[in-house]
Amino acid sequence: MATMITEECINCGACEPECPNQAISQGEDIFVIDPALCTECVGFHDEEACAAVCPVDCCIPDPNNLEPEDVLLQRAQKLHPALAELPAHLSRFRRPAA
């Protein structure tokens, strides 16, 4: 599922440079995430980088855009052809159970 930015966004811009896919941009009123570019940071981080830096926790999973890890990885590989295998530590889907 792509990550989305809620209306609580304060337009601080902390999220935009953190996105490895350049999926975040300034919208009319708040920052927005392009779901066609969002990979939930699969292949790059073990959590969504935008959510990790957001001071108001407005970067959340989009319940209307659910996608499994393999779809997100394929998108990441298409956007970044040098990305081959997926190490376990670079996907939130592969975190050990607590």
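Me: What ground rules apply to the model?
Reply: It's a predicted model, where local features need pLDDT of at least 70, side-chain atom pairs count only at pLDDT 80 or more, and totals for chains, interfaces and linings use all residues. Residues are numbered from 1 along each chain as its sequence is written, and side-chain values use heavy atoms, with hydrogens and water left out.

Me: Why is the pairing of Arg 75 and Glu 67 called a salt bridge?
Reply: The term asks for a side-chain nitrogen of Lys or Arg within 4 Å of a carboxyl oxygen of Asp or Glu. Here the N to O distance is 2.5 Å, so the pair qualifies. By that rule the count comes to one salt bridge. Side chains of opposite charge can pair when their charged atoms come close.

Me: What makes Arg 75 and Glu 67 buried or exposed?
Reply: Buried means under 20% relative accessible area, exposed over 50%, and partly exposed in between (1.4 Å probe, protein chains only). Arg 75 has 16% and Glu 67 has 15%, so both count as buried.

Me: How do you know how many disulfides the structure holds?
Reply: A disulfide is a pair of cysteine sulfur atoms within 2.5 Å, and the structure holds zero. Take Cys 9: the nearest cysteine sulfur, that of Cys 58, is 4.6 Å away, so Cys 9 is in no disulfide. For Cys 50, the nearest is that of Cys 59, at 4.0 Å, so Cys 50 is in no disulfide either. As for accessibility, Cys 9 is buried at 14%, and Cys 50 is buried at 8%.

Me: Which residues touch the most other members of the largest nonpolar core?
Reply: Such a core is a set of buried Ala, Val, Leu, Ile, Met, Phe, Trp, Tyr and Cys residues joined through side-chain atoms within 4.5 Å. The largest has 15 residues, and Ile 5, Cys 15, Ile 24 and Ile 33 touch the most other members. Apart from it lies another core of seven residues, including Val 42 and Leu 73.

Me: What does Cys 15 contact, beyond its neighbours within four places in sequence?
Reply: Contact means heavy atoms within 4.5 Å. On that rule, Cys 15 meets Ile 5, Ile 24, Phe 31, Cys 50, Val 53 and Cys 59.
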